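Dear colleague,

My notes on helix packing and aromatic rings follow it.

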Amino acid sequence: MTTYGTIPTSSAPDSGHPMDFITRAKERGYSALSTRRPWREMVHRHAFSLPPSLGEAYLRIRTNISYFSMNYAIVVLGVVFVSLLWHPISLIVFLLTMTAWLFLYFLRDEPIVLFHRTIGDRTVLIVLSVVTLGLLLLTNATANILISLLIGLIIVLVHAALRRTDDLSSEEEGAGHWYAVVGEAIKGSPSS
């Protein structure tokens, strides 16, 4: 039987070998980390100034969060990790739940099938969120984690508001923007 015109669903045959999964996970990890910007560019001391207005601060925050998103995620996760060093059980739970998130949500290629039923991404997201929250509540480090997340968020917002955006490349600066501020002209729109 011939299958002319069919499109293969995967580029490599599924051998079920554990090394294939590890290789795909490494490729996805490198791909995600490739969006990270150089740290020297992020903390360039001549690129900081107070914003002249609240509107300018908002535009800086929006642009910098889009441009430095992977760096900011690393900073926030680093703050959470450091805050858990004094709570070893919570640190172990945090690392285990992060591993579960990586394997069950971020790094998988195919949907999860349980008892011949396909489990959707939304269901996986909800179950992982509830399990993570429940486990962290059981470790009595919830307040510590929430405070460290708040500290990480404050660090990100202060950096994003103070970091000027005029030296960022304009084609990458707008990448990832799917919304526009009211009154702001959208590039390529008929009014601009």
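The axes referred to below are lines fitted to C-alpha atoms, for helices over the stretch in contact, and angles run from 0 to 180 degrees between N-to-C directions. Please bear in mind throughout that this is a predicted model.

I begin with helix 3 and helix 7. Two packed helices are described by the angle between their axes and the distance between the axes. Helix 3 covers residues 54–67 and helix 7 covers residues 142–162; they pack at an angle of about 110°, and their axes are 7 Å apart. Since angles of 65 to 115 degrees count as roughly perpendicular, helix 3 and helix 7 are therefore roughly perpendicular to each other. The crossing of helix 3 past helix 7 is right-handed. On the side of helix 3, the residues that meet helix 7 are Ala-57, Arg-60, Ile-61, Asn-64 and Ile-65. Their counterparts in helix 7 are Val-156, Leu-157, His-159, Ala-160, Ala-161 and Leu-162. The residues of this contact between helix 3 and helix 7 comprise 8 nonpolar, 2 polar and 1 charged.

Helix 7 also packs against helix 4 (residues 69–83), here at an angle of about 145° and with the axes 9 Å apart. Helix 4, too, passes helix 7 in a right-handed crossing. Helix 4 contributes Tyr-72, Val-75, Val-76, Val-79, Val-80 and Ser-83 to the contact. From helix 7 come Asn-144, Ser-148, Leu-149, Ile-151, Gly-152, Leu-153, Ile-155, Val-156, His-159 and Ala-160. The contact of helix 4 with helix 7 divides into 11 nonpolar and 5 polar residues, with no charged ones.

The remaining findings concern aromatic rings. With ring centres required to lie within 6.5 Å, the count comes to 2 aromatic pairs. In the pair of Tyr-67 and Phe-68, the ring centres are 4.9 Å apart and the planes stand at 90°, so this pair is edge-to-face. The pair of Phe-68 and Tyr-72 has its centres 6.1 Å apart and its planes at 65°, so it is edge-to-face as well.

With kind regards

How values were computed:
Residues numbered from 1 in each chain as written. Predicted model: local features only at pLDDT ≥ 70, side-chain atom pairs only at ≥ 80, totals over all residues. Heavy atoms only, no water. Helix = DSSP H or I, 4+ residues; strand = E, 2+ residues; numbered from the N terminus. Parallel < 35°, antiparallel > 145°, perpendicular 65-115°, else oblique. Left-handed = near helix turned anticlockwise from the far one by under 90°. Contact = heavy atoms within 4.5 Å. Nonpolar A, V, L, I, M, F, W, Y, C, P; charged D, E, K, R; others polar. Phe/Tyr/Trp six-rings, centres within 6.5 Å; stacked < 30°, edge-to-face > 60°.
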